[in-house]
Amino acid sequence: MNDQNRDRKMKNDTASDASVNISMMMQKFMQLEYNIEHPTYDTELSFYHLVSSGDVEAVKNQNYMDVDAVERGILSDNTLQNLKYHAVVTIAMVCRFCIEDGMEESMSYNLSDYYIKLLDRAADQKTVREIYYRACVDYARRMSKIQKYKLMSIHCVKAIDYVNNHLHENIKAADVAAYVGLERSYFSRLFHKEMGSTISQYICEKKIQTAKNMLMYSDYSCSEIGQYLAFSDGSHFALAFRKVVGETPGNFRKKNYRKHWVT
């Protein structure tokens with residue numbers, strides 16, 4: 001680089017720095033004029049730690065859940081875009097704090113990507129707020145389960161993993177006990193003590209939870225979903241579903257099919 005080009009670059013850099021400084025001074029003036037205080041670093045850290053600790057109720061009641069609070073600052077002159085930027089920044093930070101506290105990296109990043117894509121498609125401020133709220137609470141709930149896993153015996157953790165990986169099969173309590181290496185009756189007592197339900201109840205509830213997601217977001221028929229989850233027949237599936245959810249699979253689908261998709 002010759003001297004002339006170097007001088008030109010220095011002038012451009014100086015002009016750029018001056019522009020940034022003026023913009024920051026104007027923003028500071030507006031904050032003082034309207035008595036606006038940006039959330040402190042400790043406030044932000046406190047919120048991220050609440051989410052990553054799995055304290056769902058505390059997260060719901062946090063002032064930091066107000067994504068469009070004026071104290072957050074202005075990242076865009078476009079109100080909707082400003083809201084999206086704040087939501088994306090917070091979700092990205094929550095994602096990383098949750099990884100630090102035990103969430104699997106791929107799960108946390110995929111969850112972050114999912115909600116950020118929803119934010120990108122959101123067409124109004126109300127939708128942005130709803131997505132932001134859902135994302136923070138979702139992370140907190142998942143972290144709550146992860147924190148509970150840390151207090152479980154290795155046998156129950158392995159049992160839960162086995163159930164989650166074999167939901168499409170006819171899972172028997174004896175199969176799970178054999179997998180974790182414990183005698184069946186001892187394993188059943190241990191699981192009930194740590195989980196608050198029998199292994200059979202847990203298996204059924206996990207299958208119904210999966211069925212609910214498939215009814216809401218897939219085009220598989222009720223009978224196909226029942227078959228996929230290894231229920232003996234349609235009647236067995238409907239009975240089990242109604243016992244857990246309080247209504248039939250068909251009625252649940254009518255009320256919830258793709259209801260929560262953001263377009």
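Buried means under 20% relative accessible area, exposed means over 50%, and partly exposed lies in between (1.4 Å probe, protein chains only). Serine 218 has a relative accessible area of 14%, so it is buried. This is a predicted model: local features need pLDDT of at least 70, side-chain atom pairs count only at pLDDT 80 or more, and totals for chains, interfaces and linings use all residues. Residues are numbered from 1 along each chain as its sequence is written, and side-chain values use heavy atoms, with hydrogens and water left out.

**The loop serine**

Serine 218 sits in the loop between α10 (199-217) and α11 (222-228). Helices here are DSSP runs (H or I, at least four residues), numbered from the N terminus. Beyond its neighbours within four places in sequence, serine 218 is in contact (heavy atoms within 4.5 Å) with Asn213, Ile225, Arg253 and Tyr257. Its side chain reaches the backbone nitrogen of tyrosine 220 at 3.4 Å.

**Salt bridges**

A salt bridge puts a side-chain nitrogen of Lys or Arg within 4 Å of a carboxyl oxygen of Asp or Glu. The structure holds 4. Among them are these:

| Pair | Closest N to O |
|---|---|
| Lysine 60, glutamate 57 | 3.7 Å |
| Glutamate 247, lysine 255 | 2.9 Å |

Lysine 60 and glutamate 57 are 3 residues apart in helix α3 (residues 56-60), so about one helical turn separates them. Aspartate 138 and arginine 142 are 4 residues apart in helix α6 (residues 125-150), again about one helical turn. Aspartate 138 is buried at 17%; arginine 142 is partly exposed at 32%. Glutamate 247 is buried at 16%, whereas lysine 255 is exposed at 53%.

**Pockets**

On a 1 Å grid over the protein atoms alone, a pocket is an open set of points where a 1.4 Å probe fits, with protein on both sides within 12 Å along at least five of seven lines; lining residues have an atom within 4 Å of a point. The largest pocket has a volume of about 1800 Å³. Of its 40 lining residues, Asp138, Arg142, Lys145, Lys206 and Gln209 are the closest to its centre. Helix α6 gives the most to this lining, with 11 residues.

The second largest pocket has a volume of about 450 Å³. It is lined by 19 residues, and Ser200, Ile203, Cys204, Phe231 and His236 lie nearest its centre. Here α10 gives the most, with 6 residues.

Notes
Helix = DSSP H or I, 4+ residues; strand = E, 2+ residues; numbered from the N terminus. Polar contact = N/O pair within 3.5 Å; in protein donor to acceptor, adjacent residues only side chain to side chain. Points joined across faces, edges and corners; volume = space filled by probe spheres on them.
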